[in-house]
Amino acid sequence: MAQPSELFAASGFRVRVVDALIVLLRERGTARFTLGEVAEAAGVPESRVRAAFPDRDALVSELRRVCYDRLAARLTARYFDPDGHPPTRLREGGRAHLEFARTNPALYRLLYCDPGDGGIAHIIDVIVPPDSLEALTEGVRRCRAYRGRSTGKARELAFLLWTTIHGVAVLALDADGPNRSGGKWDQAAQTLDLLIDLICASGDD
């Protein structure tokens, strides 16, 4: 049985490889990569990478797990924070998601647009990680409570907000390119702001 120090070292190695892949995707702007290229970027032997991740799919699965965990931690810190202005916090969180998509197109598509087999239910599970939805639900709940509105459907509204943000992000990515003006991202942000205003101020259930 592996000792705790060995387990920690293995976990640290896997995160190191994932972080190297994230940098590689950001630099290239494409999701095409080999395990050898990732190993070189991480500064480790390819044989060790292959021992931890037998193939590309295994590494992508670990990439998703690490990124989803980090996202959930950020959203939890943002939306469970008792201080601040809830509508502003919700808007800033949505804009941060759009900015992540804009500046990391290859990584975003790999995380949210390429879920593999499993049908529409699996796609929904992928684009709405449960822990992140839970944190966003708290953000919506606080936003509506701040405006004196019912919080009974906070989870449904959070799901609507998340999937809308994802939808406008993908539309902007599809319209983006080296010769584009970036106007689609402005439209995406405007759509986000409008939806958050409606979510925070709409009538009671």
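The conversation below goes from the overall fold to the core, the pocket and a few individual residues.

Biologist: What should I know about the model before reading any values?

Modeller: It is a predicted model, in which local features need pLDDT of at least 70 and side-chain atom pairs count only at pLDDT 80 or more, while totals for chains, interfaces and linings use all residues. Residues are numbered from 1 along each chain as its sequence is written, and side-chain values use heavy atoms, with hydrogens and water left out.

Biologist: How many helices and strands does the protein chain have?

Modeller: The protein chain has 10 helices and 0 strands. Helices (H or I, at least four residues) and strands (E, at least two) are DSSP runs, numbered from the N terminus.

Biologist: And what percentage of the residues count as buried?

Modeller: Of the 205 residues in the protein chain, 40% count as buried. Buried means under 20% relative accessible area, exposed means over 50%, and partly exposed is in between (1.4 Å probe, protein chains only).

Biologist: What share of the contacts join residues at least 24 apart?

Modeller: Among contacts between residues at least 6 apart in sequence, that share is 69%. A contact here means heavy atoms within 4.5 Å.

Biologist: Let us turn to the core. Which residues have the most contacts inside the largest one?

Modeller: They are Phe33, Leu59, Leu63, Leu90, Leu98 and Leu161, in a largest nonpolar core of 60 residues. The helices α1 (4-28), α2 (35-42), α4 (56-79), α5, α6, α8, α9 and α10 each supply at least two residues of this core, and the largest share, 11 residues, comes from α9. A nonpolar core is a set of buried Ala, Val, Leu, Ile, Met, Phe, Trp, Tyr and Cys residues joined through side-chain atoms within 4.5 Å.

Biologist: Where does Phe33 lie?

Modeller: Phe33 lies in the loop between α1 and α2. Phe33 counts as buried because its relative accessibility is 9%. Leaving aside neighbours within four places in sequence, its contacts include Leu21, Arg56, Leu59 and Leu110. The C-alpha atoms of Phe33 and Arg56 are separated by 8.5 Å, although these residues are 23 apart along the chain.

Biologist: What does Leu59 touch?

Modeller: Not counting residues up to four places away in sequence, Leu59 touches Val17, Val18, Leu21, Phe33, Leu35, Val38 and Phe53.

Biologist: New topic: how much space lies in the largest pocket?

Modeller: About 400 Å³. On a 1 Å grid over the protein atoms alone, a pocket is an open set of points with protein on both sides within 12 Å along at least five of seven lines, whereas a cavity is a set where a 1.4 Å probe fits but cannot get out; lining residues have an atom within 4 Å of a point. Grid points are joined across faces, edges and corners, and the volume is the space filled by probe spheres set on the points.

Biologist: Which residues lie nearest its centre?

Modeller: Of the 22 lining residues, Leu71, Arg74, Leu75, His97 and Phe100 lie nearest the centre of the largest pocket. The lining divides into 15 nonpolar, 3 polar and 4 charged residues. In that division Ala, Val, Leu, Ile, Met, Phe, Trp, Tyr, Cys and Pro count as nonpolar, Asp, Glu, Lys and Arg as charged, and the others, Gly among them, as polar. The largest share of the lining, 7 residues, comes from α4.

Biologist: What about α10: what covers its buried residues?

Modeller: The cover includes α5 (86-103), α8 (130-146) and α9 (154-175). Among the buried residues of α10 are Trp185, Leu192, Asp193 and Cys200. The 19 residues of α10 (residues 183-201) should span 27 Å at 1.5 Å a residue, and the end C-alpha atoms are 27 Å apart, which agrees. The expected span is 1.5 Å times one less than the number of residues in the helix.

Biologist: Is Ala169 buried or exposed?

Modeller: Ala169 is buried, with a relative accessible area of 0%. This residue lies in helix α9 and touches Leu98, Ala101, Tyr108 and Trp185, not counting residues up to four places away in sequence.

Biologist: Finally, where is Arg147 found?

Modeller: Arg147 is found in the loop between α8 and α9, and is partly exposed, with a relative accessible area of 37%. Arg147 and Ala201 are 54 residues apart in sequence and 6.3 Å apart in space, C-alpha to C-alpha. Just after α8, Gly148 takes a positive phi of about 75°.
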